[in-house]
Amino acid sequence: MNKPIYVTQSVLPDLKDFVPYLEQIWENKILTNGGPLHQQLEKELCEYLGVDYISLFNNGTIALITALQALGLKEGEVITTPYTFIATAHAIVWNNLTPVFVDIDPVTSNIDPQAVEKAVTENTVAILPVHCYGIPCEVDALQTIADKHNLKLIYDAAHAFGAKYKGQSLLSYGDLSMVSFHATKVFNTFEGGAIVCHSAEMKHHIDQLKNFGIVNETTVNDVSMNGKLSEVHAALGLLQLKTIDQTLQARQKVDSHYRELLADIEGITCIQRLNLDKDNYSYFPVIISSSFSLSRDELFEKLKQHNIYARKYFYPLMTDFNVYKQYQSDTPNAKQLSEQVLCLPMYPNLSTDDIDNIVRVIKG
Ligand code: T4K
């Protein structure tokens with residue numbers, strides 16, 4: 001491969017289409033603090049996603065930290081998955097809460113509700129599942145457990161923008177959902193993120209929390225973050241939203257082309273994206289099992305030699321990072337998947353020729 005192919009490539013609109021937005025910002029002199037473009041993006045996202053309330057953030061991590069704070073979780077255990085990006089666990093610990101890592105369902109790669117149920121103790125205050133790769137968690141089973149034990153349910157839906165499940169946005173489940181608009185995500189605002197919630201009161205509370213906890217000039221109710229999204233980022237979001245459906249269609253083509261070419265390779269399994277009403281094709285994870293001629297790590301290196309930069313999302317497991325070793329638990333499914341998974345390049349502009357070449361290298 002002459003040019004490097006990375007695991008993803010950010011989607012960007014035509015620069016000339018962005019200029020009028022910048023001119024508007026330069027004219028208004030409103031750069032942040034919930035300006036007109038920020039408000040417009042919140043409105044358009046609610047319409048596009050079919051959700052009632054959304055609060056924009058400067059990134060998904062601050063949004064997730066704030067989501068836990070917004071639910072008043074001050075101490076106790078939060079049950080979560082070890083098979084995720086480090087930010088999921090960081091959000092728990094930033095809130096002085098204790099992460100409890102339980103195993104995943106090896107088919108969906110998401111937290112196993114039975115393992116969650118078993119891990120509930122009198123100290124449990126919340127469940128924090130991840131819709132890994134944009135594949136839905138078992139939302140009904142998790143909600144039942146949360147209701148039964150009076151727990152908060154917060155979804156890390158960083159990968160789930162645009163996905164629909166059981167007739168509604170995947171972001172609409174649980175008490176709160178966080179989504180990421182990072183450069184590497186399906187919908188990006190360079191950096192950015194949001195919390196989806198279900199009442200005007202909660203949105204108001206979250207909006208105060210993302211603005212230092214300020215209520216008015218003389219009152220501050222909480223010790224919280226500056227989580228605001230700037231007008232420039234909001235402007236980009238408005239522009240990206242215009243082409244999001246084309247973006248998703250292009251991703252779908254990449255996904256099906258890969259599946260067609262990889263179908264008959266012994267030892268390589270594409271993770272199934274089951275039961276979605278609308279998929280966003282966030283990632284293209286494959287499992288490299290022992291019947292393949294190379295190990296996962298050998299294939300990773302071989303692809304690299306051909307200038308193809310796949311990624312081991314999510315290896316190491318959270319509990320194998322030094323900072324989380326103290327929370328070690330027995331999660332054999334998560335361990336196995338993290339040792340076998342490889343996310344192949346997946347982005348709308350990945351050409352059919354590039355996919356053919358990637359698969360040719362895999363086939364060796
Ligand atoms: N929860 C979950 C489950 C998450 O996956 C994430 C983020 C979060 C929470 C937190 O949300 P944010 O706070 O990020 O909004 C990336 C991303 O930085 C991170 O957002 C993402 N998950 C994670 C899974 O992946 P890296 O360290 O792998 O990214 P990096 O810089 O190696 O980029 C990968 C490839 O993407 C590059 O090789 C090329 C391409 N790329 C990257 C950047 C930064 C672009 O095309 N343009 C770019 O601007 O973490």
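At what distance from an oxygen atom of the ligand does a backbone N or O atom of G60 lie? In this predicted model, local features need pLDDT of at least 70 and side-chain atom pairs count only at pLDDT 80 or more, whereas totals for chains, interfaces and linings use all residues. Residues are numbered from 1 along each chain as its sequence is written, and side-chain values use heavy atoms, with hydrogens and water left out.

The backbone atom of G60 is 2.9 Å from the ligand oxygen. This is a polar contact, defined as a pair of N or O atoms within 3.5 Å; within protein, one atom must be able to donate a hydrogen and the other to accept it, and residues adjacent in sequence count only if both atoms are side-chain atoms. Side chains also take part: a polar atom of S180 lies 2.7 Å from an oxygen atom of the ligand, and for an N or O atom in the side chain of Y313 the distance to a ligand oxygen is 2.4 Å. On its own the ligand has 920 Å² of accessible area, of which the protein covers 74% (Shrake-Rupley method, 1.4 Å probe).

The shell around the ligand comprises 10 nonpolar, 13 polar and 3 charged residues. Here Ala, Val, Leu, Ile, Met, Phe, Trp, Tyr, Cys and Pro count as nonpolar, Asp, Glu, Lys and Arg as charged, and the others, Gly among them, as polar. Of the 26 residues around the ligand, those that come nearest are T61, D156, H159, S180 and Y313 (a residue is near if one of its heavy atoms lies within 4 Å). At least two shell residues each are supplied by α3 (60-70), α4 (86-94) and β9 (176-180); helices (H or I, at least four residues) and strands (E, at least two) are DSSP runs numbered from the N terminus.

Helix α3 is largely enclosed by the rest of the structure, because 9 of its 11 residues are buried (under 20% relative accessible area, 1.4 Å probe, protein chains only). Among the buried residues of α3 are G60, I62, L64 and L68. At the start of α3, the backbone nitrogen of T61 has a side-chain oxygen of N59 within 3.0 Å. The helix is followed by G72, which has a positive phi near 75°.

In strand β9 lies S177, a buried residue with a relative accessible area of 1%. A polar side-chain atom of S177 is 3.2 Å from the backbone oxygen of L171, and the backbone oxygen of Y173 likewise lies 3.2 Å from a polar side-chain atom of S177.

Technical notes: Buried means under 20% relative accessible area, exposed over 50%, partly exposed in between (1.4 Å probe, protein chains only).
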